[in-house]
Amino acid sequence: MTAEANASPSPDRSSDRLPDADAPPYGGGDPYADYRAAEFPFTALVDLADRRLGGAVVAANDELFAERENLLLPRPAEFRPHTFGNKGQLMDGWETRRRRGAGADRPHPAEDDHDWALVRLGVSGVVHGVVVDTAHFRGNHPRQIAVEGAELPGTPGPEELLAAATGWHPLVPRSPVRGHAANGFAVADRRRFTHLRLSQYPDGGIARFRVHGEARPDPGWLAALGTFDLAAVENGGAVEDASDRFYSAPVSLLLPGKSRAMGDGWENRRRRDAGHDWVRLRLAGRGAVRAVEIDTGHYVGNAAGWAALSGRDERGADPEEWFELVPRTRLQPDAVHRLVIDAPRPATHVRLDVFPDGGIARLRLWGGLV
């Protein structure tokens, strides 16, 4: 595919739907009371830059007021008024110094002057949209931002990323943003990227940077592993749909590591009907699941009562057929359940059914590609 065919058109500047006026100075009370929130369809996809997946801000040209690492913290940005350090108000984000011009006769920065940060995605993939969140940056946010993407093998450092030979592709062209707001931008380029470059013009502060998309890990690495978790986000697993997202997102099931608290899993609301809850997953590839772990960690009085697993092979003789992987099995609260599948068969999708409702912290589907 040519570069022209893959180039991004003007993005859906969702932030343009926010109120035109800048946020006023903080006047006391709840600092989020006048925050300009917005809904973006791509935020249902996993954040490829999530710190829990290994995302990192590997370099920035300036971070005098606030450290670049804050950009990827998973929690919302906090604001503690009148909390000053040696360089000013402590801000929960990435904030650079004020840029100046060339001299007294030209005190303002040049049109193209800007600050930048290099982000390594926790898992490489296709970016569907980004959120540039300027929460609590009211008069010190950038006027405009831009985002570019690159794909590099291995684990390159800043020197390789900044080298002239590195090919950076525009994902979000230079676009206006507003202060104390969620600024969202849809991305049309469907190439796979490993790193992003976030630029702000001419300077300022950004609280959080979210990169939503589809995971596309290195297929050679997965083949070398042999046996791995076919459902894990870091390996390319994804949630396609779920019956309920009331308390938390079902993608939490597929995140790395143990859950840290009850809110770090998938919990649905209490059912008052005769139905049950479910999650449908797309595996990292067509694979044979040989062993299953269902972890109800931190769910004590609200764990799912029973669970069952079914598989579907979209490349099989009947691509719509669901077949049993694990029959309905009693679950214990706050426990890891390890189940062996005696007769593995190829599957591209798996459905987890929980009866009648309740929480599950993590789901691991161990197997290999076929």
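1. **Ground rules.** Residues are numbered from 1 along each chain as its sequence is written. In this predicted model, local features need pLDDT of at least 70 and side-chain atom pairs count only at pLDDT 80 or more, while totals for chains, interfaces and linings use all residues, and side-chain values use heavy atoms, with hydrogens and water left out.

2. **Confidence.** The stretch to watch is residues 1-17, where pLDDT stays under 50. For that stretch the model has 33 contacts (heavy atoms within 4.5 Å) beyond four places in sequence.

3. **The main core.** In general, nonpolar side chains tend to be buried together in soluble globular proteins. Here the largest nonpolar core has 61 residues, and Phe209 and Leu365 touch the most other members. By definition, such a core is a set of buried Ala, Val, Leu, Ile, Met, Phe, Trp, Tyr and Cys residues joined through side-chain atoms within 4.5 Å. Buried means under 20% relative accessible area, exposed over 50%, and partly exposed in between (1.4 Å probe, protein chains only). Strand E6 (residues 115-133) gives the most to this core, with seven residues. Strands (E, at least two residues) and helices (H or I, at least four) are DSSP runs, numbered from the N terminus.

4. **Around Leu365, and a second core.** Leaving aside residues up to four places away in sequence, Leu365 touches a set of residues including Phe228, Leu281, Val292 and Val350. Asp229 is also one of its contacts. There is a second, separate core of 12 residues, with Tyr35, Ala66, Ala77 and Ala135 among them.

5. **Ser248.** With 12% relative accessibility, Ser248 counts as buried.

6. The whole structure has 29 salt bridges (a side-chain nitrogen of Lys or Arg within 4 Å of a carboxyl oxygen of Asp or Glu). One of them pairs Arg138 with Asp34, the closest N and O atoms being 2.7 Å apart. This pair links distant parts of the chain, 104 residues apart: Arg138 is in the loop between E6 and strand E7 (144-150), and Asp34 in the loop between helix H1 (3-6) and strand E1 (46-47). Arg138 is buried at 10% relative accessible area, whereas Asp34 is partly exposed at 29%. Asp92 and Arg75 form another salt bridge, with the closest N and O atoms 2.7 Å apart. Asp92 lies in the loop between strands E4 (88-89) and E5 (94-95) and Arg75 in the loop between strands E2 (56-60) and E3 (84-85), so the pair ties together parts 17 residues apart in sequence. Asp92 is buried at 11%, while Arg75 is partly exposed at 35%.

7. Arg191 is buried at 19% relative accessible area, and Asp189 is buried at 0%. Elsewhere, salt bridges that share partners join Asp50, Arg52, Arg260, Asp264 and Arg362 into one network.

How values were computed:
pLDDT is the predictor's confidence in each residue, from 0 to 100.
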